[in-house]
Amino acid sequence: QVPLINELESAMHQLYKQRASRLVQRRQDDIKDESSEFSSHSNKALMAPNLDSFGRDRVIYQEQVKRRTAEREARRARRRQAREQTGKMADHLEGLSSDDEETSTDITNFNLERDRILKESSKVFEDVLESFYSIDCIKSQFEAWRSKYFTSYKDAYIGLCLPKLFNPLIRLQLLTWTPLEDKCRDFETMLWFESLLFYGCEEQEQVKDDADISLLPTIVERVVLPKLTVISENIWDPFSTTQTSRMVAIVQKLIDGYPSVVNAENKNTQILLKALLLRMRRTLDDDVFMPLYPKNILENKNSGPYLFFQRQFWSSVKLLGNFLQWYGILSNKTLQELSIDGLLNRYILMAFQNSEYGEDSIKKAQSVIACFPKQWFTNLTGDKTISQLENFCRYLVHLADTIYRNSIGCSDVEKRNAREHIKQIIKLLASIGALDHAVTVANDHNVKEFKILIEGK
């Protein structure tokens, strides 16, 4: 029956992968559509390949864009209405929510296929005696052998064979298990886990190197970790804060609960971490886009380009925070490469430099710094921050200088506001350990409360 179980598992994974891919593709299409719509330099002919002399493909393409635009705006309107009803509208920023709404047709088709696979799974052992497929029955037979004839049990290396024997039976129970979903059960509360929890723990003196003691950790290594690897590669969306939080939680749970197998030296753990990294890098390469417009275009805060620019900025900040949820699991070097080199310096900083200089930029900088793990800056030596943040620090110094220059010739109130903004920038620089840059800003703008500011960072 193992080939049939493999087929069912593969079909279920493919079903979830198709749904995830559909949502990612829709997001990419939405970004392309908006980018094309708001770009005065775009060549729309390039967006519609294989045009004939009558322009028929162009018409089809434009109709597709209109349909996608209407659907996109309808989804946004429904999310906005939902936030208004729950009172979350005031502090919401466009770009921080995930667009994971599905059509009723997609939901129906998904459920039908899922139910079909589950129905097939219920028939896998319909012509097999219970004693040959029930985990409880199989377990009790080996427990009796172990209890009565322990020497022959050990000589037959049964403890090493049990994980392989239970593997397909457990995978069948885990067919619909995915920690990314809200209603997903904790695998430690599932029947297979509870059945095997105390296997080999009967009241007798424990034998040295008893393989049965590691039965559940071995199953976690050979069943749960490969399952999570597939989910990481094909189903997890790094742009989703909820999905990322759940993925981080399950991996951390395994690290804490099964340190003997879920560690950096374990092959299956390495494969899982590699899958996570590849998925994050793929998101960086394929899903992140930062539009650039002349500053005069962005002056109208109700215009399409401005709203698109803001949405893309905040979605990138959200992704930054999602990446950094992996602090403590992925190495600092890897995380800094992804989050700072790959996202902050490559996209977010470019958006900062294209924005107006003022209070809005300071609030955005605060949001970016809030994503960083505080532990990065607690053991720094000297007065410099980590090297990857130098460009960001230089931007903050330039922001302070620009705010000061723009306040020259203004009213006393505006000058006081500018001075407060400069003090905020000093605190931001100090909070990430960039004391050298903080001192420069304080000296350049004659801020005498420097010690008070950095102590209250």
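I took the expected span of a helix as 1.5 Å times one less than its number of residues. Helices are DSSP runs of H or I, at least four residues, numbered from the N terminus. The model is predicted, and local features need pLDDT of at least 70. Residues are numbered from 1 along each chain.

I checked α13, residues 332-353, first. A straight helix of its 22 residues would span 32 Å, but α13 spans only 26 Å between its end C-alpha atoms. I found a kink of about 55 degrees, centred on Leu344. The bend is the angle between axes fitted to the seven residues ending there and the seven starting there.

Next I looked at α15, residues 390-407. Its axis lies 10 Å from that of α13, at an angle of about 10 degrees (lines fitted to C-alpha atoms over the stretch in contact, angles from 0 to 180 degrees between N-to-C directions). That makes the two helices roughly parallel (under 35 degrees). Leu344 is also one of the contact residues of α13, and Tyr395 is among those of α15 (heavy atoms within 4.5 Å).

Key: This is a predicted model: local features need pLDDT of at least 70, side-chain atom pairs count only at pLDDT 80 or more; totals for chains, interfaces and linings use all residues. Side-chain values use heavy atoms; hydrogens and water are left out. Angles under 35 degrees count as roughly parallel, over 145 as roughly antiparallel, 65 to 115 as roughly perpendicular and the rest as oblique.
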